[in-house]
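Hi,

Here's the structure I promised to pass on.

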Amino acid sequence: LVRTRAGYAGIIAIPWFSRAYMAAQADAGASIDDITRAVNAAAVKLLDAAGIAAEEIKAAGAIPILLHHGEVAGAAYSSGFRPFGETVCYTVEQLREVGAAYVALGHYHAAQEWEGGRIAYAGSIERRGFGEPEVKGWRLVEIEGGEFKSNTFVELPARRIVLYETDWSEGEHHIWRPGEALNLRAPVTGDSPDPSGALVRFRYRVRPEDMHLVDEDAIRRALTEAGAHEVTIEAVPEVTARVRCEEIREASGLFEELLARAEVTGK
């Protein structure tokens, strides 16, 4: 129980429910169907226990609040991808039947809600990656007389995300050198090309044989000095497609193959 200015609240916590852990407890000869039934039965049993706890908390004159780190059917990551299989995915109806005044959810970084806000993900309070363009914030939940009243999402000034891309795959003479001005006028994704205070990703294309010429530490320093809060650098090797032709395929030895390749590619 947790004491608040309005009385006591009882917190019921349901942790991440690992399918793999449950499956590992099954007999070696168990079928996939047997394991699935056992996992689902354990998940339902856990919710039943949470429901009993909620009734006990109410009987004690306190407000039951359910906390769950996990997945809910219909929820989505910031990228829109809907994952399945890592954990048990409860339905909104199952969580509602626990009987808690409010169900606070964690795991998804995108804020989303059901049942008028009674069941909700607050989402992350900052952007954790470049696939999270949505607003960030926290939730102010009001409970009156032991019953859910409202859930207000309060936006926070999360850091901007900026992506710079440049192409150095034409050869070593095109690669940036420390001391030169770093070109930040390349194609940019973000609400502003200014790196000040932003989470910055610098992506460059380069030939594999020229990768050793790129000084990533110097790039990171240059972006940090330009005001970036955090810098991620990503190399994209530009691989030259292999040339296959009848002459090369039918070459009887390495030297003949080399001559045929030179003739075909002009190199």
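**What turned up**

Val-2 sits in strand 1, residues 2–4 (helices, H or I of at least four residues, and strands, E of at least two, are DSSP runs numbered from the N terminus). This is a predicted model, where local features need pLDDT of at least 70, side-chain atom pairs count only at pLDDT 80 or more, and totals for chains, interfaces and linings use all residues. Residues are numbered from 1 along each chain as its sequence is written, and side-chain values use heavy atoms, with hydrogens and water left out.

Val-2 counts as partly exposed because its relative accessibility is 40% (buried is under 20% relative accessible area, exposed over 50%, partly exposed in between, with a 1.4 Å probe and protein chains only).

Now the inside. The largest nonpolar core has 26 residues, and Leu-66, Val-72, Leu-95, Leu-105 and Trp-114 touch the most other members (a core is a set of buried Ala, Val, Leu, Ile, Met, Phe, Trp, Tyr and Cys residues joined through side-chain atoms within 4.5 Å). Strand 2 (7–14), helix 2 (32–59), helix 3 (92–97), strand 6 (102–106) and strand 8 (119–121) each supply at least two residues of this core, and helix 2 gives the most, with seven.

Last, helix 6 (residues 254–265): its twelve residues reach 16 Å from first C-alpha to last, close to the 16 Å expected at 1.5 Å a residue (1.5 Å times one less than the number of residues).

Cheers
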